[in-house]
Amino acid sequence: MIHYTGLRGKKVLVIGMAKSGYEAAKLLHRLGAEVTVNDGNDLSNDAHAKDLEDLGINVVSGAHPLALLDEAPIIFKNPGIPYTVPIIQEAQKQGLKILTEVELSYLISEAPIIGITGTNGKTTVTSLIGDMFNKSRENGRLSGNIGFVASKVAQEVKADEYLVTELSSFQLLGIEHYRPYIAIITNLYSAHLDYHENLENYQNAKRRIFENQTESDYLIFNDKQRHLIDTSKIRAKILYFSTQHRVDGIYVEKEYIVYNGVRIIHLDDIVLPGEHNLENILAAVIAAILAGVSISAIVQSLSTFSGIAHRLQYIGNNKTNKYYNDSKATNTLATQFALSSFKQPVIWLCGGLDRGNGFDELIPYMINVRVMVTFGETQDKFVKLGESQGKYVIRANDVTDAVAKVQDVIEPNDVVLLSPACASWDQYDTFEQRGERFIEAFRAHLPSH
């Protein structure tokens, strides 16, 4: 790692512990900062808090006392903490610097960074790039919003490797000098408006990924949304991806993925399903090529990579029926992508946390839906939606019960798709837990041999 000296002797306040706060605090201490950690939860019996205290780091928990701002510290904020929290509002009023730990990863990383953001697809693109690296002689380390704290991985990555980082809008709001060598924006739609207040703020947060790039860097962007970026303000070389026509970048032509006039792979040889995944694949392929991954490794990856857990994940078949776990579809846009990925009849498992929104925008994508099985707080809304479209709708208690009820109505060649279009928190701690229950229920109903 680069032994960055810019924080030595500086007062630093880490707000919000969790995984990223814990790792950031340890790194900041290592870099010579005077660190205080603050969390609204009581950490008096927390093992990680004790670790930090053993290092000489001050831990203040149970509240966010404004007195912590008295010495005008640099703040590293957990990305999930909104800017409406009083201590953050007061810090902004005082003009204090408020960063997220991904900024630290840039300051210390010996390796060039591939940064991936976007409304949908960023986890798939990040994972796919990682898989392409795994299939090659080049080395790429995954980090960021995909589950590996970026500032921790950055301490381990070498100069001849790549730091491949999935970036949320929350993380990008807290950058100052962060500069990826390759930046990818998969797409820009509407999301997290409860945090960002409006669409413009959300999209501006995403656009920050390229604000520090120079002429020697690359920005990879979705051709059909090129109107959403002002190219006159971008110094990086822009490469586009398109599933529709030739572009300066990578595109699909005559059922082949084509880059620089060279055919890379036929679409029939790609395992990952769905038009939206084709866009994700194009973004990953061009990034991997720029990073020096061989075409043969890319082809090998595309021929075997079947998706990430809980995102249109093929989990197996029950005689003639394929089951897909898309528990990570916590909004309607993700479910639109999922429903449009199949031409066979679909038994659609849906429902979850009620955030007050409707689901009428899913109607155009329900053509192949034969049966709906719905659960959770939004159950009544989905029953109404299904009945308005003449669909057979079944009520279930939860995901496990939904899979049991599927067995009564399933027909040969039906696809069983869990794509809730809602967050999981009404019945499950995480979308991962919801997906695991779905997988367990699928396995429980497999015919015994």
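**View 1. Helix α5 against helix α10.** In this predicted model, helix α5 (residues 122-134) and α10 pack at an angle of about 45°, and their axes lie 9 Å apart. The two helices are therefore oblique to each other. The crossing of α5 and α10 is right-handed. On the α5 side, the contact uses Thr124, Val125, Leu128, Ile129 and Met132. These residues meet Asn277, Asn280, Ile281, Ala283, Ala284, Val285, Ala287 and Ala288 in α10. By class, the contact of α5 with α10 has 10 nonpolar residues, three polar and no charged.

**View 2. Helix α10 against helix α11.** Helix α10 spans residues 275-290, and helix α11 spans residues 295-304. They pack at an angle of about 155°, with 10 Å between their axes. The pair is therefore roughly antiparallel, since an angle over 145 degrees counts as such. α10 and α11 cross in a right-handed sense. From α10, the contact takes Ile281, Val285, Ala288 and Ile289. From α11, the partners are Ile295, Ile298 and Leu302. The contact of α10 with α11 holds seven nonpolar residues, with no polar and no charged ones.

**View 3. The largest cavity.** Two cavities of 30 Å³ or more turn up in a search of the whole structure. The largest cavity holds about 120 Å³ of space. Its lining counts 16 residues. Nearest the centre lie Asn120, Gly121, His276, Asn280 and Phe337. α10 and α12 (332-339) each supply at least two lining residues. The largest share, four residues, comes from α10. The lining of the largest cavity divides into six nonpolar, seven polar and three charged residues.

View 4. About 50 Å³ of space lies in the second largest cavity. Its lining residues are Val14, Gly16, Ser20, Gly21, Ala24, Phe76, Lys77, Asn78, Thr100 and Glu101. α1 gives the most, with three residues. By class, the lining of the second largest cavity has three nonpolar, five polar and two charged residues.

**View 5. Helix α1 beside helix α2.** The axes of α1 and helix α2 (residues 47-54) come within 11 Å. They cross at roughly 10°. The two helices are therefore roughly parallel to each other, as angles under 35 degrees count that way. Tyr22, Ala25 and Lys26 of α1 make the contact with His48, Asp51 and Leu52 of α2. Three nonpolar, one polar and two charged residues make up the contact of α1 with α2.

**View 6. The second largest pocket.** This pocket holds about 250 Å³ of space. Its lining includes Glu255, Leu267, Asp268, Ile270 and Leu272. Pro273, Gly274, Glu275, Leu278 and Ile281 are also among the lining residues. By class, the lining of the second largest pocket has six nonpolar, one polar and three charged residues.

Terms used: Residues are numbered from 1 along each chain as its sequence is written. This is a predicted model: local features need pLDDT of at least 70, side-chain atom pairs count only at pLDDT 80 or more; totals for chains, interfaces and linings use all residues. Side-chain values use heavy atoms; hydrogens and water are left out. On a 1 Å grid over the protein atoms alone, a cavity is a set of points where a 1.4 Å probe fits but cannot get out, and a pocket is an open set with protein on both sides within 12 Å along at least five of seven lines; lining residues have an atom within 4 Å of a point. Grid points are joined across faces, edges and corners, and a volume is the space filled by probe spheres set on the points. Ala, Val, Leu, Ile, Met, Phe, Trp, Tyr, Cys and Pro count as nonpolar, Asp, Glu, Lys and Arg as charged, and the others, Gly among them, as polar. Axes are lines fitted to C-alpha atoms, for helices over the stretch in contact, and angles run from 0 to 180 degrees between N-to-C directions. Angles under 35 degrees count as roughly parallel, over 145 as roughly antiparallel, 65 to 115 as roughly perpendicular and the rest as oblique. A crossing is left-handed if the near helix is turned anticlockwise from the far one by less than a right angle, and right-handed if clockwise. Contact means heavy atoms within 4.5 Å.
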